[in-house]
Amino acid sequence: MAEEIHITKGDRIKVWWRSTFLQGSWNYERMQNGGWAYTLIPALKRLYHTKEDRAAALKRHLEFFNTHPYLASPILGVTMALEEERANGAPIDDKAIQGVKVGMMGPLAGVGDPVFWFTVKPIIGALAASLAMAGNLMGPILYFVLWNAIRMAFLWYTQEFGYKAGSKITEDLSGGLLQEVTKGATILGMFILGSLVNRWVSVKFTPVVSDVPNQKGAYIDWSSLPSGKSGIQKALELQSQGLSLTKNKVTTLQDNLDQLIPGLMGLLLTLFCMWLLKKKVSPIIIILGLFVVGVVFHVIGLM
Amino acid sequence: MTLNFIQIILVLIVSFLAGMEGILDEFHFHQPVIACTLIGLVTGDLTPCLMLGGQLQMIALGWANIGAAVAPDAALASVASAIILVLGGQGTKGISSAIAIAVPLAVAGLLLTTLVRTLATAIVHIMDRAAEEGSFRKIDFWQWVAICMQGLRIAIPAGLILAVGAGPVRALLEQMPDWLTKGLGIGGGMVVAVGYAMVINMMATREVWPFFAIGFVLATVKEITLIGLGAIGISLALIYLALSKQGGGSSNGGSSNNSGAGDPVGDIIDNY
């Protein structure tokens with residue numbers, strides 16, 4: 001104990017990289033514990049040198065642990081700070097370290113889920129998916145680059161923040177900032193979800209409600225057009241003037257529904273799914289059920 | 001389409017990465033838009049796979065691992081359906097049947113995940129013994145064994161599909177009648193709602209429902225792109241936060257961000 005041992009920046013970079021593999025040995029007994037111990041090894045290697053110390057440190061970090069994989073980073077930072085003090089002789093016992101870990105993992109998971117899984121991922125995912133569906137290679141590239149840039153920066157800065165704040169972090173976190181971030185993310189997420197439901201849930205009913213003839217002059221009279229290219233040109237000109245292409249005006253059930261607001265059926269379907277999920281119906285059952293509904297309704301001509 | 005030896009190896013590597021990420025959730029190689037595109041890239045069938053990835057991504061938007069719960073397995077769904085799409089050789093026409101195949105696979109993947117997570121319990125016990133010895137090296141080793149197990153979870157099924165080969169896969173796809181593939185396509189359009197419903201159930205509170213309504217209505221204006229909508233959404237969130245701070249005490253009451261509590265539409269839904 002002659003001079004103080006410190007965790008170097010290099011160690012912290014190694015821990016940061018290892019935290020990528022936090023969930024690798026996720027198990028039903030103690031969840032992320034194996035990955036947690038694995039992640040901390042560069043720091044523990046720096047701080048402890050005897051076999052007994054190392055064994056004790058590993059055992060204490062193989063206790064139960066589970067949180068959002070990205071929000072584990074601030075906890076890693078704090079834990080490194082505590083371990084450093086302990087290695088330098090501060091009276092921090094196993095219980096204190098485990099207490100900090102358990103005390104932080106619950107609230108932080110509560111922040112990570114809405115921010116990452118319900119806001120950032122749907123937004124980037126929808127953007128990438130709509131590009132990819134049109135055959136644009138920018139879709140996957142954008143997703144990969146944006147997601148990983150956000151993630152890696154987040155992991156590093158929150159880990160450093162945790163390390164520097166040390167055990168004081170609980171006070172910082174209970175302040176308004178985290179709640180504000182969560183609320184802002186929730187607002188953005190709900191807004192985007194509203195627009196996604198409108199644009200991407202597709203429910204189309206095909207039955208014809210009415211089939212009335214258009215008035216003369218309101219549709220293109222194909223027999224009176226000149227033949228050949230000039231006929232095509234004439235027809236396109238007439239269409240751009242607002243003339244109908246067909247003699248009859250066909251209104252489907254879908255046209256009627258769209259007059260209320262486009263996407264209404266998609267919204268109702270989404271609300272129905274929410275209700276089913278709240279009734280503890282498995283999402284898998286709902287998904288398979290919707291495929292069955294799609295096939296049946298198509299066969300009887302409803303969709 | 002028949003794949004050569006190098007392509008098969010590359011497909012297996014992509015599957016392995018997707019399997020790892022299915023549990024790690026970091027680089028997101030398992031997200032359909034990336035996994036399908038990578039399969040397309042290494043097999044030379046890029047565009048159909050890219051489009052398949054986009055459609056599957058839309059369906060899988062709301063799938064997330066929350067706590068101990070595991071979402072339907074996007075990794076197996078995207079890898080296997082992309083391989084089937086490539087082997088079937090139908091190009092973009094085969095996308096809707098590939099999606100219909102992907103969903104049952106997402107369920108099968110769930111079972112494999114459960115299996116691997118149970119096996120990981122044994123690995124953690126080995127780690128306990130390594131900890132007694134204070135051996136860092138052994139912990140590192142077993143962590144990687146666990147990660148590789150997750151990779152094999154997808155790579156092995158992918159290998160099986162490749163072993164079955166192009167012929168049977170194509171025969172299977174060609175047997176599907178037209179009404180079935182069309183119907184499945186329609187079902188695919190609706191299935192997207194399930195993912196959104198999962199996410200909304202998690203986030204919705206009385207406070208944020210109006211933003212859902214605004215988003216829904218603004219999306220009917222087709223000229224506004226997704227990026228434009230994102231900008232409006234961010235602005236609304238910032239304005240709301242700034243105003244609720246100015247309002248002083250008013251924001252304190254709304255601090256309960258827990259889902260369920262104070263969710264009027266959810267309550268109505270619950271009451272039925």
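Is Cys36(B) buried or exposed? In this predicted model, Cys36(B) has a relative accessible area of 0% and is therefore buried. Cys148(B) is partly exposed, because its relative accessible area is 32%, which falls between the 20% and 50% limits.

No disulfides are found over all chains of the structure. Cys36(B) accordingly takes part in none. The nearest cysteine sulfur belongs to Cys49(B) and lies 6.6 Å away.

Ala35(B) sits in helix H2 of chain B, which spans residues 32–43. Its relative accessibility is 0%, so Ala35(B) counts as buried. Beyond residues up to four places away in sequence, Ala35(B) touches Val14(B), Phe29(B), His30(B), Ser78(B) and Val79(B). One of these contacts, Val14(B), is 21 residues from Ala35(B) in sequence. The C-alpha atoms of Ala35(B) and Val14(B) are 7.2 Å apart.

The second largest pocket has a volume of about 480 Å³. Its lining comprises 24 residues. Nearest the centre of the pocket lie Thr119(A), Val120(A), Ile123(A), Leu188(A) and Ile234(B). Both chain A and chain B contribute helices to this lining. From chain A, helix H5 (94–133), helix H6 (138–165) and helix H8 (176–200) each supply at least two residues. From chain B, helix H10 (226–246) also supplies at least two. By class, the lining of the second largest pocket has 20 nonpolar residues, three polar residues and one charged residue.

Conventions
Residues numbered from 1 in each chain as written. Chains lettered and ligands numbered in written order. Predicted model: local features only at pLDDT ≥ 70, side-chain atom pairs only at ≥ 80, totals over all residues. Heavy atoms only, no water. Helix = DSSP H or I, 4+ residues; strand = E, 2+ residues; numbered from the N terminus. Buried < 20%, exposed > 50% of the residue type's maximum accessible area, 1.4 Å probe, protein only. Contact = heavy atoms within 4.5 Å. Disulfide = S-S within 2.5 Å. 1 Å grid on protein atoms, 1.4 Å probe; cavity = no way out; pocket = protein on both sides within 12 Å on 5 of 7 lines; lining within 4 Å. Points joined across faces, edges and corners; volume = space filled by probe spheres on them. Nonpolar A, V, L, I, M, F, W, Y, C, P; charged D, E, K, R; others polar.
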